[in-house]
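Have the structure open as you read.

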Amino acid sequence: MGMPITVTPLENLDSFTNDVRLRTADIVNSEILPREGELFPQRKGTAVSDEDKAQARVAREEVKEKVRAAGLWAPHLPKEYGGMGLEFLPHAYMNEILAYAMGAASMFGVVAPNSGNQKILVKYGTEEQKQKWLVPLIEGTMESGFSMTEPDTAGSDPRSLRTTARKDGDHWVIDGHKWFTSNGFDADFFIVMCRAEDPSGEEGRSGSMVQIIVPTDTPGVEIVRGVGIWGHHTSDHCEIKYNSVRVPIENALGRVGQGHEAAQERLGAGRIYHCMNSVGQMWRAFDLMVERAMTREVHGGLLRDKQFIQGFIAESYIDLQTSRMMTIHAAEKVDRGDPEARTDISALKIYVPAAFTRVVDRAIQVWGAAGVSNDLPLSAMYLGARTLRLADGPDEVHKILIAKNVLRKYEKGESWDFSR
Ligand SMILES: Cc1cc2nc3c(=O)[nH]c(=O)nc-3n(C[C@H](O)[C@H](O)[C@H](O)COP(=O)(O)OP(=O)(O)OC[C@H]3O[C@@H](n4cnc5c(N)ncnc54)[C@H](O)[C@@H]3O)c2cc1C
């Protein structure tokens with residue numbers, strides 16, 4: 001349902017980035033939007049049969065082939081691993097378009113948490129680890145999860161985590177309790193964030209952190225349940241106990257003490273990707289809202305002529321444009337290697353999910369009952385937007401970080417250069 005995305009070349013962009021934008025829009029408009037019911041049968045609003053699911057798998061494979069042929073596969077991966085090797089800025093421009101078709105990212109080779117794990121393996125993996133875990137992850141013959149958050153410690157302060165990894169001969173022995181490990185049921189391995197006992201790494205609270213690759217069939221890995229969220233009785237966000245799980249010493253990713261840095265790097269990039277996706281989804285919600293306002297008659301007139309609704313349109317336009325600008329600006333800063341980009345990432349991580357929630361909320365209101373139905377992507381977007389305000393660092397933690405970075409500068413007698 002809905003109109004195609006409108007994308008035209010931008011004069012300030014290089015021809016490569018413009019080309020990526022236009023090719024992405026072409027796939028979204030010609031291959032995905034007209035086939036949404038077939039590609040995502042759960043959105044048809046009727047019961048999904050096994051035949052529907054099988055047909056959807058075939059249809060998604062067909063789209064993936066077209067994406068590959070268009071040279072748009074895996075924008076987040078380096079070229080030597082079959083990806084596009086995009087920097088953040090062109091990736092931002094591509095993502096806002098592909099995310100217009102909710103769920104399309106998987107057909108462009110980007111599936112969280114695999115995509116984040118792929119990036120970590122590219123950066124921190126040894127050659128052997130890359131062959132064993134990264135290559136199958138990219139080829140799609142393996143699935144993975146990232147296991148950091150714990151029920152008994154604050155996820156917003158990951159350095160407080162209690163899962164331990166103890167060296168025993170040439171093995172790690174891992175004991176701990178995690179939850180919200182996404183993709184937990186399908187994963188072949190988890191990257192588990194642990195506190196190394198008797199650390200050989202740097203001193204300090206994060207000095208002993210280490211990420212360890214744990215194959216899910218290792219004895220002692222106990223998947224307790226899929227934690228039900230948003231009224232569903234289960235999900236693939238799993239609660240997992242690690243009961244004296246033994247894995248070879250070479251399964252550590254990077255060295256002991258690097259775990260926190262690696263996690264921050266993963267989450268930093270992830271935050272920009274999430275916000276780019278949010279912008280694309282907001283764009284779709286905006287188009288759906290305006291489309292409905294143009295055609296729905298209430299109380300003797302079209303919704304578009306009511307000032308309440310015009311207010312929704314104007315406020316959503318502002319939310320969408322500010323979110324886009326913040327995301328593109330942060331992506332530019334990351335590509336430039338500007339150390340202040342971290343502050344901007346935190347700012348957009350707070351702003352964009354909140355703006356996304358507001359835009360979708362208005363779109364739902366304009367659509368009335370249909371807005372919360374499964375016939376439209378709006379209700380799923382709404383839950384996703386709300387969740388983003390706490391996942392990947394809740395708002396409060398990012399506010400603290402922004403204030404800290406700003407104050408540090410002013411304490412040194414400097415001030416913030418907003419023109420950068
Ligand atoms: C759908 C979903 C998928 C997820 N997937 C994964 C995954 O794959 N792997 C994984 O490891 N984790 C995952 N998570 C977990 C997520 O990263 C954590 O929920 C998040 O980091 C927050 O941690 P917490 O839930 O322990 O909240 P807490 O740390 O307990 O924080 C609770 C609240 O306290 C407030 N707060 C925190 N710090 C401060 C402060 N300094 N001052 C004032 N207020 C503060 C915030 O409002 C925060 O929301 C997922 C979560 C969700 C919802």
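## Around the ligand

Keep in mind that this is a predicted model. So who sits around the ligand? The shell counts 21 residues, and the closest are Met 148, Ala 154, Gly 155, Ser 156 and Pro 394. Sorted by class, the shell is made up of 11 nonpolar, 8 polar and 2 charged residues.

Which elements supply at least two residues each? Those are β1 (144-147), β3 (171-181) and α12 (395-411). Of the shell's contributors, α12 has the largest share, with 3 residues. Looking at domains instead, domain 2 (127-253) and domain 3 (261-411) each put at least three residues into the shell.

Most residues other than glycine have a negative phi, and most peptide bonds are trans. That's the background for this stop and the next.

The peptide bond between Ala 112 and Pro 113 is cis, with omega at about 0 degrees. To find the spot, look at the loop between α4 (88-98) and α5 (114-124), where Pro 113 sits.

## Two positive phi values

Trp 230 isn't a glycine, yet its phi is positive, at about 50 degrees. You'll find Trp 230 in the loop that runs between β6 (221-226) and β7 (238-248). Is Trp 230 buried or exposed? With 12 other C-beta atoms within 10 Å, Trp 230 is exposed, because 12 or fewer is the cut-off for that label.

Asp 392 is another non-glycine with a positive phi, this one about 55 degrees. Its place is the loop between α11 (378-388) and α12, and α12 is the helix with the largest share of the ligand shell. How does Asp 392 come out, buried or exposed? Asp 392 has 20 other C-beta atoms within 10 Å and is therefore buried, since the label takes 20 or more.

## A helix pair

Helix α11 also turns up in a packing pair with α9 (residues 341-367): the angle is about 155 degrees, and the axes are 9 Å apart. Angles over 145 degrees count as roughly antiparallel, so α9 is roughly antiparallel to α11. As for handedness, the crossing of α9 past α11 is left-handed.

Notes
Residues numbered from 1 in each chain as written. Predicted model: local features only at pLDDT ≥ 70, side-chain atom pairs only at ≥ 80, totals over all residues. Near = placed C-beta within 6 Å. Helix = DSSP H or I, 4+ residues; strand = E, 2+ residues; numbered from the N terminus. Nonpolar A, V, L, I, M, F, W, Y, C, P; charged D, E, K, R; others polar. Domains from an automatic or database assignment. Axes fitted to C-alpha atoms, helices over the stretch in contact; angles between N-to-C directions. Parallel < 35°, antiparallel > 145°, perpendicular 65-115°, else oblique. Left-handed = near helix turned anticlockwise from the far one by under 90°.
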